[in-house]
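Keep the structure open beside them as you read.

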Amino acid sequence: MVEVNRPDRAERRRIGKSDPIDAHAAARAALSGRASSSPKDDTVAGIRALHNAARSAVKARTAALNQITHILVTAPETIRAKFGQLKGTDRIDALARLRPAGDAVHTAVLTALKSLARRVRELTAEHQALTRALDSEVTVHNPGLRAVYGVGPDTAAQLLVTAGGNPERLRTEASFAALCGAAPVPASSGRTNRHRLSRGGDRAANAALYRIALVRMSGDPRTRDYVARQTAAGRTKKEIIRLLKRAIAREMFRCPTTTATIPNIADLRPLRQSKNSPSPQRPATSESGTPRSPPSNAESAETTTSPTPTATGSPPLDSQ
């Protein structure tokens, strides 16, 4: 059994769409070899369900908060002056303790605000419970991925859902980067040799890589040093984040394909050593002489299985 993507848009516009047409296109893709990847199994079905439920809770909570803001904008002056200046949890707690009174307009507005505030509190508690359950499931499924710096329960769950429970379907880290929309797409013509930003792939996984990059840019010393070097070289913040997402995709690829225990924080080794390090280490090489990528936090722990490096892997972080 192989996984087949949707039909080509140009072909669909030309010949139309129906179940027999789609079945014929899928059969041609499988026979020609264009569709060769294995479908995802059901080992991450629980993580996917918890992740979707947590995201829907956040979406509903955001909608309730927006409704509260909009009601306060058009509320009577007394209500707007009392609750409009409050922010965050202070506003929600004050509105949840309301006892609507006054004329018909004030009573109706205060009742609506109280109902929305209680809804926000319930959705917040629901999201926290779902996040704890999701964190437990992700840690049991892949503790190495959860232990990587900057990877939280939400981002780890999204990457596992994108990669699937059978990571052997992803042959190289370049294919995983393309799946996450973090691999530059060739856009060369004639003597012009360049790459453009990829707009394809799983955009939710791309957003997860983006959040990991932001966390590392704010708190990871090695990432901050890298950002400083690239900024001094003249690159913009967007370009630096694109480079970081490509490097993070390379690191994240090793986590789903590696069984690891949660490492001790004191024993973690940095991915790179500075030039002023007293004893720099030479990069490890495979049996074929191909340089291995720098070890990730997950690989710093004891691993039972590790993927074989490929000769077609992407260059190190500084050479992109």
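1. Phe 176 and Phe 253 are both buried, where buried means under 20% relative accessible area, exposed over 50% and partly exposed in between (1.4 Å probe, protein chains only). Please bear in mind that this is a predicted model, in which local features need pLDDT of at least 70, side-chain atom pairs count only at pLDDT 80 or more, and totals for chains, interfaces and linings use all residues. Residues are numbered from 1 along each chain as its sequence is written, and side-chain values use heavy atoms, with hydrogens and water left out.

2. How many aromatic pairs does a search of the whole structure find? There is one. Phe 176 and Phe 253 form it, with 6.3 Å from centre to centre and 40° between the planes, which makes the pair tilted. (Rings of Phe, Tyr and Trp, the last by its six-membered ring, pair if their centres lie within 6.5 Å; planes under 30 degrees apart count as stacked, over 60 as edge-to-face and the rest as tilted.) The pair links distant parts of the chain, since Phe 176 sits in helix 9 and Phe 253 in helix 12, 77 residues apart. Helices (H or I, at least four residues) and strands (E, at least two) are DSSP runs, numbered from the N terminus.

3. Leaving aside neighbours within four places in sequence, Phe 176 is in contact (heavy atoms within 4.5 Å) with Leu 159, Ala 163, Leu 170, Ala 249, Met 252 and Phe 253.

4. Leu 159 is worth a look next. This residue lies in helix 8 and counts as buried because its relative accessibility is 1%. Beyond four places in sequence, Leu 159 is in contact with Leu 145, Phe 176, Ala 205, Ala 208, Leu 209, Ile 212 and Met 252. The C-alpha atoms of Leu 159 and Leu 145 are separated by 9.2 Å, and the two are 14 residues apart along the chain.

5. Now the wider setting. A nonpolar core is a set of buried Ala, Val, Leu, Ile, Met, Phe, Trp, Tyr and Cys residues joined through side-chain atoms within 4.5 Å. The largest one has 38 residues, and those touching the most other members are Leu 145, Leu 159, Phe 176, Leu 209 and Met 252. Among the elements that give two or more residues to this core are helix 3 (45-74), helix 6 (104-141) and helix 10 (203-219). Helix 12 provides the largest share, eight residues. A second, separate core has 17 residues, including Ala 75, Phe 83, Ala 94 and Val 120.

6. Helix 11 holds Gln 230 and Thr 231. Gln 230 counts as buried because its relative accessibility is 6%, whereas Thr 231 is partly exposed because its relative accessible area is 46%. The side chain of Gln 230 makes a polar contact with the side chain of Arg 235 at 2.3 Å; such a contact is a pair of N or O atoms within 3.5 Å, and within protein one must be able to donate a hydrogen and the other to accept it, with residues adjacent in sequence counting only if both atoms are side-chain atoms. The side chain of Thr 231 reaches the backbone oxygen of Val 227 at 2.7 Å.

7. Finally, confidence. The mean pLDDT (the predictor's confidence in each residue, from 0 to 100) is 79, and 77% of residues reach 70 or more. Helix 3 has the highest confidence, at 95, and strand 4 (residues 303-305) the lowest, at a mean of 38. Over residues 262-320 pLDDT stays under 50. Where pLDDT is low, the predicted coordinates should not be read in detail.
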